[in-house]
Amino acid sequence: MQLVLSWPVRLLIIGILVFSLFVDGAGYIYRVANHYPLTGNVPGLPPNFGSWQLYIHRGLDLAGGTHIDYQLTNFPAGQSRADVQQRTIQVINKRVNSLGVSEPQIRGAGNNNDRITVDLAGVTAQQAQKTIGAISKLVYTKWVADSKVTNGPQPGYKPAFTGLTGDDIQSAGAAIDQSGVSWVVNISFTSHGGTVFDDLTRANVAACPGTGTDCPLRHLTIWLDLTQKDIDNWEDPAYVSKIYAPYDTGCLAAQTANTLCGKFLTDPTTLQEISGGQAQISGNFTQASATDLSTGINNGSLPVDLQVLDVTQVGSTLGAESVKLSLAAGLLGLSIVVLFMIIYYRVPGLLASIALLFYAGAVLAIFKVVPVTLTLAGITGFILSVGMAVDANVLIFERFKEEVRAGRTIPAAVDAAVRRAWPAIRDSNTSTLITCVILGFVGPPAVQGFAITLGIGVVASLISAIIVTHNLLAIVMTGSALRRPGLMGVDRSVGAV
Amino acid sequence: MSELSDVAPAEQAADMVVPSEKPKETPPEVPRPRVRRLNIIGRRNIFFLISLLIIIPGILSMAFKGFLLGIDFAGGTEFTINFTNQPSVASVESAVAADPLTAGGTVIQAGAGSYIIRSLPLTPQQQQIVEDHLTGRLGPMAGGAPQQVIEVGGTIARETIEFALLALVLASAAILFLLAIRFRNVPGGWRAGFQFGGSALAALLHDVFLLTGLFSIMGKVFGWRIGEIDSLFVTAVLTVVGFSVHDTIVVFDRIRENLRVSQRLSFEQVVNLSIMQTAARSIITSFTVVLVLTAILIAGGTTLKGFALALLIGIVSGTYSSIFNASPLLVVWRRVQPLR
């Protein structure tokens, strides 16, 4: 425990303090000087390191975000619409989670189970639409003869659905091909998908036999989101030229009933029958686009088509006034706590309050640096950790009083109090930390924010209570004027000595 | 023992209790003037009874009535309205709160003068009443009608609750084992460790059931809006879990320490003494938290009142259970399964 009072430790505390003040404070000077609002992101806000900007990231419930209404169309026949809607919500949820959005809210809507509304915090509308709507459905087609088609990629032929879709794929992964230059997406089919794929490739080869020969009947084409309507319009060259263009996820995600987007992925020649359920999609992939595609396939395909009805930038879901009032009430409560600590514990209470300020500053700086997205649940975790920091101090001070009453000198009592309160502080905070880790991993999104802020807060509160308070006490104890029991909140006359 | 090495054994004993001359059958007499002579262990059945009187109706209410679901779990009606006068968020919020049909609903700003208002499910007639009420208070809507009125479902309440339950079970198991490990060095070894862990766990479950039960009663039996269950309530329950264990461990740590230094006291006496020594700290800590929560409950915004109330009930219950349930339970457990 002697280490606690050594100068390197004190220097470290001062270092943390200076860093926190810098992170917390520098931005406000800039904001005030340039007449920017005091919260949220502001262009060129210091301290920033490249594109890494430090400000408090607020979640949807506090700051708002993007609100999207989707219309579901093309319900699969013979399935309950409510089930299909639920499955769609699950797929969207999976995709949104890959964005790392805090506490997304996705809900079914519409009297006919044909709507879904999505609220996302801190994500631009474009980003959200790209992720949610991206790679809706991977579709395999073959070419069939149609004399009415005179133009397009394969004159005299139009695509026909093969029944093979993204639903038949078990998993997909981005990889570099054998040449070591270009990126491909390796896919493995489900057992059903593998059988269908085997049949298709065998039919391909049989339709146009011979090694090295190539004809439209020997191609299997892969598209994203190709619909029956697209195939019905195949005789219109203008229409086909729009569809037969490299796929554009941004366009596909935002498509409405009348926009036409590129949906073409690749049109390889089948070299031989492929059994075993493994296949490769090659095309002009970059590492990023190959990863995007495989992630999209892995996250599952949507059972329906999504059409964007409406996209809006929205305010907080909790109610701005409500949050303001509650923050004010919380601050009032905290001031009462500080006042109470000072009146009840005198000098130690004052020191603990200073340590609490240090604690709050350091935690806010950590929230900015990590960055932690603050939601109401997250703020609760923070406040709970403040409570635990106060508790650690109360434990030490109550112990301190006991030690003084038992007849120790005040400096000796400080040491004994910290030493004897430590096991309780350690065990209770360890249990809280373990709970945080579990909640952080298996909790629902709303609870994960809580777990993260509580966990950070508990670690910081341990440092604040044990090291900072102890050091402050030890420094003050060297001044003999302050050693009077009355200032320490101890009435010695009641003591048992 | 290492943390006590600088204090002589005689000194330690002086800090603790002067051994009693009386025979052990008498209730634990603590001769130090500082420690108030409350016999909590001896009256433990009264305290168990008080807990059960609150918890059993709560469990019955949960089993037969369930919970009143808040808007974010149950879904409701969503209006998207563009007001021509561009009223402020505050005025829209107060207009929504003033109408009994939409009270407890949420207001989201979607642009200048444009708002998304969510309330519990409304019939078309009720929707018309709400629209009339809103135009009466906030002025005309652009185009004379809401841009959109739809029925929205709840967020994935089921998954949220299932995940939270899984997390609760895992955390309980972890706490049980952590305490068993930390307390295995008291006389009795691992079995004693599990007695400590099990008692802390029981106190934790006490708080969870008390809080959820009371909310079930408030929401379903009395039909109070403040008893609604939403994702904030789930957070509140988890907060209470953290606080409750925290409190209990402080008492148990004192028991562990006192067991080491005062061999001459009976287990009951040690436990009672430890409760007395830590009660001031438990009550002061809870009191500081209660101060903050009461401020929010009285002066805070409407959307957070249920949350503040849940925390308040949970923190008070957590303090009660750590003093009056966890340690007495430990004593009962020792009697049923003696270790020495």
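Trainee: How many residues of strand β6 of chain A are buried?
Mentor: Keep in mind that this is a predicted model. In β6(A), which spans residues 115–121, seven of the seven residues are buried.
Trainee: Which residues sit on which side of β6(A)?
Mentor: A:Arg115, A:Thr117, A:Asp119 and A:Ala121 are on one side, and A:Ile116, A:Val118 and A:Leu120 are on the other. Both faces are covered.
Trainee: And how many bridges join β4(A) to β6(A)?
Mentor: Seven, with β4 (residues 65–73) of chain A and β6(A) running antiparallel. Within that pairing, A:His67 has A:Asp119 as its bridge partner in β6(A). A:Asp119 is also one of the buried residues of β6(A).
Trainee: In what sense do β5(A) and β6(A) pair?
Mentor: Antiparallel, over five bridges, with β5 covering residues 105–109 of chain A. A:Gly108 is opposite A:Ile116 of β6(A).
Trainee: What about the hairpin of β5(A) and β6(A), which residue there takes a positive phi?
Mentor: A:Gly110, with a value near 90°. The hairpin has five residues between the strands.
Trainee: Where is B:Gln86 found?
Mentor: In chain B, B:Gln86 is in the loop between β2 (76–82) and α4 (89–98). B:Gln86 is not a glycine either, and has a positive phi of about 50°.
Trainee: Is B:Gln86 buried or exposed?
Mentor: Exposed, with 12 other C-beta atoms within 10 Å.
Trainee: Back to sheets. What is the strand order in the open sheet of four strands in chain A?
Mentor: β8-β7-β11-β12, with antiparallel pairing. The edge strands are β8 (157–165) and β12 (264–266) of chain A, each of which pairs on one side only. From one strand to the next, the twist averages 40°.
Trainee: Which helix packs on that sheet?
Mentor: Helix α5 of chain A, residues 191–207, which touches β7, β8 and β11 of chain A. The direction of α5 makes about 150° with that of β8(A).
Trainee: How many bridges are there between β7(A) and β11(A)?
Mentor: Five, in the antiparallel sense, between β7 (residues 138–145) and β11 (residues 220–224) of chain A. There, A:Lys142 has A:Leu220 of β11(A) as its bridge partner.
Trainee: And the open sheet of three strands in chain A, what is its order?
Mentor: β9-β10-β13, with antiparallel pairing. β9 (169–176) and β13 (278–285) of chain A have a single partner strand each, so one side of each has no neighbour in the sheet. Neighbouring strands here are turned by 25° against each other on average, direction ignored. β9(A) and β10 (residues 183–189) of chain A are joined by seven bridges, and A:Gly173 has A:Asn186 in β10(A) as its bridge partner.
Trainee: Last topic, helices. At what angle do α9 and α10 of chain B pack?
Mentor: About 180°, with the axes of α9 (residues 267–299) and α10 (residues 305–336) of chain B 9 Å apart. α9(B) and α10(B) are therefore roughly antiparallel. The residues of their contact divide into 19 nonpolar, six polar and three charged.

Conventions:
Residues numbered from 1 in each chain as written. Chains lettered and ligands numbered in written order. Predicted model: local features only at pLDDT ≥ 70, side-chain atom pairs only at ≥ 80, totals over all residues. Helix = DSSP H or I, 4+ residues; strand = E, 2+ residues; numbered from the N terminus. Buried ≥ 20, exposed ≤ 12 C-beta atoms within 10 Å, placed from the backbone. Axes fitted to C-alpha atoms, helices over the stretch in contact; angles between N-to-C directions. Parallel < 35°, antiparallel > 145°, perpendicular 65-115°, else oblique. Nonpolar A, V, L, I, M, F, W, Y, C, P; charged D, E, K, R; others polar. Pairing = 2+ DSSP bridges. Contact = placed C-beta atoms within 7 Å.
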